[in-house]
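Welcome! Take a moment to look over the model below, and then we can walk through it together.

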Amino acid sequence: MSTHTQAPAAIALSKAAAEKKYPAKMPRHGNAGAYRRIVIGLLALAVLAPVGLIVYQSFLTAAFFSPRAKFGFDAYQYVFTDKNFYRALGTTAIFSFGMVAISVPLGGLLAFLITRTDIKGKRLLEILVLVPMFISSIVLAFGYTVSVGPTGFVSLFIRGLVGFVPWNIYSLPGMILIAGLSHVPHVYLYVSAAMRNLPSDLEEAARTTGASIWQVSRDVTLPMVLPALIFAAALNILLGFETFGIPLVLGDPNGIMVLTTYIYKLTTLFGTPTYQLMAVVAVVLILITLPLVWMQRKLLRNARKYAAMGGKGARVATLKLGTSGQVIALSIIGFWLFVSVALPIGGIAVRAFVDAWGEGVNLLDQLTFTNFDRMLEVPSLVRGIVNTVLLSVVGGAAAVAIYLMVGLAGHRNWGLSNTVLDYIVLLPRALPGLVVGLAFFWVFLFVPLLTPLRPTLVSLFVAYLVVGLSYGLRLLQGTLIQVAPELEESARTTGATIGRTWKDVVIPIIRPGLAGAWALIMIIFLREYATGVYLMGAGTEVIGSLMVSLLQTGAMNTIAALSLISIVLTGAGLALALRLGAKIHD
Amino acid sequence: MTELVVSNVQKWLGGLQILKGASFTAERGSIVALLGASGSGKTTLLRCVAGLEQPEIGEIVIGGKTVLDGAKKIALPPEQRNIGLVFQSYALWPHRTVKENVGYGLKLRGVTAADIEKRVQAILERMGLGHLADRFPSQLSGGQQQRVAICRALVYEPRVLLLDEPLSNLDAKLREEARYWIRKLILDLEICAILVTHDQSEALAAADNILLLQDGRIVQQGGPQEIYSNPNSFYSADFLGANNIVRAKVRSVDGSRTVIGGDNWSLDGTVREAAGLAASEDARAVIRVEQISVSDRPEAGGLEMTLDDSIYLGDRWEYRLSRGDFVARAHGARQLSTGTVWARIPSESVWVFSAGQH
């Protein structure tokens, strides 16, 4: 009996003793600790230096290289008393939330139809639905201008029918609608992944208790994918705050400004570059986007928790739509595809090959290659195309190699450096391409050692590297994590150092994933337009940024030709990605 | 010759101590089995020896070389420990052929290509895999993959071969064959092997020395017969063999002899509790199923019991016996009709332990 009464006390005592005596961890030797710290440290430098420079610049009274620059809050004072700034801030918020209100329900619906029903042509739809995501938004926006703008092909056609154009895309609602439609793929991507992981026995269980398809969708499916929907909404709000192309093309002509275009306009407002003001707005933008990124990260963790609850390899039973259901579902998707893919791309395709159009003009008579001929006569445009291809194909490969190095530095890393990496990767997501480009432009001006590199493609490449960092690293980490730990451990116990293990086991196994990642990074670099706006100079032109500067001059023929080239290149990249088996659904 | 010395290895995982001071040694030409239920820490202990986990306290010496010393903060990475590890999932590299998988360890050790070719072919032939040298792992059956994994871990003659549940992915028939040839191979090559398993028959059949782990501690160690027939705790007694567990009260104690009983029955037994037992204490008795012999005729010293059912198991019959709150299983060669039977239970086979805490 006595042992019984004493036992609990003894346990409590030993527990306390164990907690107190918890010994220090043994150091991990041979785990490439130095390599990991150096790579992550360099990455941190590459990400933090530009951000630091922006913050530093925002507290100066003039450009940082100017002898007149003093420490002060003048720039903040100017921006925070500027009516236009608050208007732009308000517009940005309305724009972002409006965009989410369109893209999230529509993306959710598309995801449901494509993953959970027996809709026809699923395989093709899965790819088509993602197309808007791969096209740069400046190309898309331009496409809408030429097809449904005030004098667009479709607008003129409608005016011929009813006598007036019943819409105006050069308005905030127009911008919101177009941005909302083109961001549907971002929602679709996350929600469809969640729906695929949803074991259908949960739905079947509900069906057997007597619920109808629609009741099941509402009461079981929707709550289960709610975390993914919320995540997608948060992501789209972030993208809304960072968007530049659509407001520039559609909002600017009518003076509708968002934060990014406000920064862009500050350059021209005073005649001389007002770096300190741009820096202040960039800081404000980062202060808004950083919490959004942080929130997303938390949401994603929760979403994973949900997904983990579902059974692995659960078979997904599809709902039978029936004939009328098929017609309705395909019409919805078809209409969306028409509006967000066919309209802009079709518009550009036509516009690129005509010189003049208008009421009563037969487009077929106007078909011409002049736009391309003229373009090829301008050296900067030709260089732009060459540079873009170079940056995306060669730069993309180099970027994958660098992301791989970073990925390996974080691969099975238990050290403090991994936490640093986690947070470093978050930062670029909070930085709009325009701001990253601006910041690197300053870095290359500021650091004497780097100045000779500024007029070369290297400066663009470094900026692109940071812009693509979170996406690219996620792609690579996704592939790396698929290598079973035993495959690496068995190499180690066989006698290979960690470096040999990476070289002989890890990298050969993920090689197919690397090829796919290369193709996807290539597309990301192809469609990038905002990053180069400040960085590009004579000799380092890229298609997207050329279009931004051409917009100011109104050279529509050239923009149309460049847009078409951009679309064709993106299409080639996408075809290559699919051929290499890239997981565009990740 | 002692190839492996493990002393007082302790490991924590997030505030939880999962190894609480494991110590053992292993000799060349013998197999040590780490046996235990899942969560007992046996795989963690193996991974500590391999260098894949880092214990906070303890010392490990492999082939005379200190690979872990908690006090001096020495912890050599796996590649400097000269070990071979066979993984439960075999972990063959999918992008390398059988030959390349097996030859990798030699290549890392700077052996010339011609020598690698010769030694790889020799070990593959020995295992009956010579004709598969140019295949990829995905083209092999589970049994072949397992043998390739063993070849890969053995070809460079490591000081210690570690086997992490090497048989659990094989089907039952292959498993019995495999545990025989693995034992034969290790004895022939005179290597020192550590085998982790949760399967007692695997440990009993293959090992020279069994370490029984419970909750991060080695609770008993000894030869297979010793550990099976002379358990020192209820856990050891219960973990091995097929057992009847009887809850009872201690009626009387006389040295190591005791009488336990319950509702309308009593039984002579042997005290096995290290701390001893006192009369009228709650107790648990472990009786190996094969120790009870059942007869349908009265026998001297037999306990009169009720046979509730005879169950056909193919090679034998299982009897379901009861008397009051004493319920037991026993085996026999023929079907007995239900009703009264006599069970002979030798008192040295009734191992009595204290009832433990609840």
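## How chain B is put together

Let's start with contacts. If we take the contacts in chain B between residues at least 6 apart in sequence, 65% of them join residues at least 24 apart. Please keep in mind that this is a predicted model.

Chain B contains 8 helices and 21 strands. Its C-alpha trace spans about 75 × 50 × 35 Å along the principal axes. Chain B has 358 residues, and 41% of them count as buried.

## A domain from the record

An unreviewed UniProt entry lists "domain: ABC transporter" at residues 4–240 of chain B. That span is 35% helix and 29% strand, and its end C-alpha atoms lie 26 Å apart.

## A helix on the inside

Is helix α1 (residues 42–50) of chain B enclosed or open? In this helix, 9 of the 9 residues are buried, so α1 is largely enclosed by the rest of the structure. Here a residue is buried if 20 or more other C-beta atoms lie within 10 Å of its own.

The buried residues of α1(B) include B:K42, B:R47 and B:C48. Just after α1(B) comes B:G51, which takes a positive phi of about 90°.

## Where chain B meets chain A

Now for the partner chain. In chain B, 32 residues are in contact with 27 residues of chain A. On chain B's side, the elements that give two or more residues are β7 (83–86) and α2 (98–108).

What classes of residue make up the side of chain B that touches chain A? There are 18 nonpolar, 9 polar and 5 charged residues.

Notes. Residues are numbered from 1 along each chain as its sequence is written. Chains are lettered from A and ligands numbered from 1 in the order in which they are written. This is a predicted model: local features need pLDDT of at least 70, side-chain atom pairs count only at pLDDT 80 or more; totals for chains, interfaces and linings use all residues. Helices (H or I, at least four residues) and strands (E, at least two) are DSSP runs, numbered from the N terminus. A residue is buried if 20 or more other C-beta atoms lie within 10 Å of its own, exposed if 12 or fewer, and partly exposed in between; C-beta atoms are placed from the backbone. Two residues are in contact if their C-beta atoms, placed from the backbone, lie within 7 Å. UniProt positions are given in the numbering used here, feature names are shortened, and annotations may be inferred rather than shown by experiment. Ala, Val, Leu, Ile, Met, Phe, Trp, Tyr, Cys and Pro count as nonpolar, Asp, Glu, Lys and Arg as charged, and the others, Gly among them, as polar.
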